[in-house]
Amino acid sequence: MEFEYSDKVQQLLQKLRDFMDEHVYPAEETYHRQLQEDRWGEPPIMAELKKKAQQAELWNLFLPDNRFGAGLTNLEYAPLAEEMGRVLFSSEIFNCSAPDTGNMEVLAQYGSEAQQQQWLTPLLAGEIRSAFAMTEPKVASSDATNIETSIVRDGDDYVINGHKFYISGLMNKRCKIMIVMGKTDPDNPNRHQQQSQILVPTDTPGVKIRRPMTVFGYDDAPEGHAEVIFDNVRVAAENLILGEGRGFEIAQGRLGPGRIHHCMRLIGGAQRALENMAKRAEQRVVFGRPMSKQGSVREDIARSACEIEQARLLTLKAAAQMDQYGNKAARDLIAMIKIVAPQMACTVIDRAIQVHGAAGLSQDLHLAGHYTYARTIRLADGPDQVHMMQLGRNLAARYGAVG
Ligand SMILES: Cc1cc2nc3c(=O)[nH]c(=O)nc-3n(C[C@H](O)[C@H](O)[C@H](O)COP(=O)(O)OP(=O)(O)OC[C@H]3O[C@@H](n4cnc5c(N)ncnc54)[C@H](O)[C@@H]3O)c2cc1C
């Protein structure tokens, strides 16, 4: 495996770093202040930054399909996503934020021409935002076969009834479209062919947002995570993606890139935490000498650097396998990084919080927000245990079959 980034990637990375230094870090305070004025709107600074990113051609970098995006491989995108991950809101500036990225991938890969025209085009242009609605409060949604929302054909329409929660992005005023997962054929003996995915404009009658859910008390504005009821929601039959019974297949296709993108961003968040931990340890004097002279603090810094680098290399290996052999063939490595990277980020950021004392938990630093994000990803896009269950099963079968 090649460990050096190509010239093309190094140039892009430098351009991105310059952009972050010049425009994004200086905007952090303004962004959070403007957000206080309109929790679910787009802060004006975000619109300005998006324009600048488009002008700099730092746009849609996540999409390997060069008909629609930058055409970078996963391996090429990894260091760029890591860089964006250093500031929680920055992926959106480059139109590279979840869940829009996953939804754009689904539409690019599985959408009809009409669906692409109506929804993919404005999403790629950053004109609207989107959500993906699968999880339900009443069933264990880490096993998607449990989903109970019904999607019933009625003439030229489908009618949707169900109850979902933690639907990221749906609180945002600019969120215009949702991809909803539900069952069109609940009695199919093949549990993986019961589900379908369907496009639901957020202003369709019967879409009733109950409340924003919080994470450790954070509302995660301006995207938010909505609890939502689908009460006889009627959409045209053409809104179904790919066909009845194909929902599980689409979900599997979507989750590989989505998972690795989260890991890349988390490595960036952990790297920034490490740098700030080292800075603080050098500058803060405790019991007569800088913290960095304390053995336990040095150990925290050293261990954090080792763990970040391990996760980074594993992520790059997974990305390289996805590029070379496809997402399905890379599933074990994707599971490994999804187990390793969020836990690593939680541990590293927790150490950085400790070294910062009370300030580490405050609104003045990025650490509390990044910790919350890392902890969330231990659940979202598949809890740790589900990935371990699948990885353990695959490895047992592979090695168990030998000799
Ligand atoms: C901030 C946030 C944002 C989210 N955004 C979205 C979104 O945009 N769209 C969406 O659809 N969903 C979203 N989710 C939901 C998330 O994907 C689900 O919470 C996750 O899939 C787990 O489902 P569940 O909550 O129903 O947990 P359950 O399925 O009830 O699982 C609970 C726990 O059971 C344990 N478990 C499961 N399987 C095993 C096993 N085999 N062995 C041992 N233990 C096991 C795990 O520890 C797991 O955490 C979000 C969640 C959060 C917190």
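View 1. β1 (129-133), β3 (157-168) and α12 (384-400) each give at least two residues to the shell around the ligand. Helices here are DSSP runs of H or I with at least four residues, strands are runs of E with at least two, and both are numbered from the N terminus. This is a predicted model, so local features need pLDDT of at least 70 and side-chain atom pairs count only at pLDDT 80 or more, while totals for chains, interfaces and linings use all residues. Residues are numbered from 1 along each chain as its sequence is written, and side-chain values use heavy atoms, with hydrogens and water left out. Look at the domains too: domain 2 (129-241) and domain 3 (248-402) each contribute at least three residues to the shell. Those domain bounds come from an automatic or database domain assignment.

**View 2. Who sits around the ligand.** There are 21 residues around the ligand, and Thr 135, Ser 142, Tyr 166, Ser 168 and Gln 385 come nearest. To be near, a residue needs one of its heavy atoms within 4 Å of the molecule or strand. By type, the shell splits into 13 nonpolar residues, seven polar and one charged. In that scheme Ala, Val, Leu, Ile, Met, Phe, Trp, Tyr, Cys and Pro are nonpolar, Asp, Glu, Lys and Arg are charged, and the others, Gly among them, are polar.

View 3. Phe 132 brings a polar backbone atom to 2.8 Å from a nitrogen atom of the ligand. For Tyr 166, a backbone N or O atom lies 2.9 Å from a ligand nitrogen. Ser 168 uses its side chain instead, with a polar atom there 2.8 Å from a nitrogen atom of the ligand. On its own the ligand has 980 Å² of accessible area, and the protein covers 69% of that. Accessible areas come from the Shrake-Rupley method with a 1.4 Å probe; for residues, only the protein chains shown count as cover.

View 4. Arg 210 and Glu 227 form a salt bridge, with their closest N and O atoms 3.2 Å apart. The pair ties together distant parts of the chain, Arg 210 in strand β6 (residues 207-213) and Glu 227 in strand β7 (residues 225-236), 17 residues apart. A salt bridge means a side-chain nitrogen of Lys or Arg within 4 Å of a carboxyl oxygen of Asp or Glu. Arg 210 is exposed at 55% relative accessible area, but Glu 227 is buried at 6%. Buried means under 20%, exposed over 50%, and partly exposed in between (1.4 Å probe, protein chains only).

**View 5. A salt bridge between two helices.** Glu 307 pairs with Arg 351 in a salt bridge, the closest N and O atoms being 3.1 Å apart. Here Glu 307 belongs to helix α9 (residues 295-325) and Arg 351 to helix α10 (residues 331-356), 44 residues apart. Glu 307 is partly exposed, at 23% relative accessible area, while Arg 351 counts as buried at 13%. Elsewhere, salt bridges with shared partners join Glu 42, Lys 50, Glu 92, Asp 100, Arg 129, Arg 174 and Glu 223 into one network.

Definitions and conventions: Polar contact = N/O pair within 3.5 Å; in protein donor to acceptor, adjacent residues only side chain to side chain.
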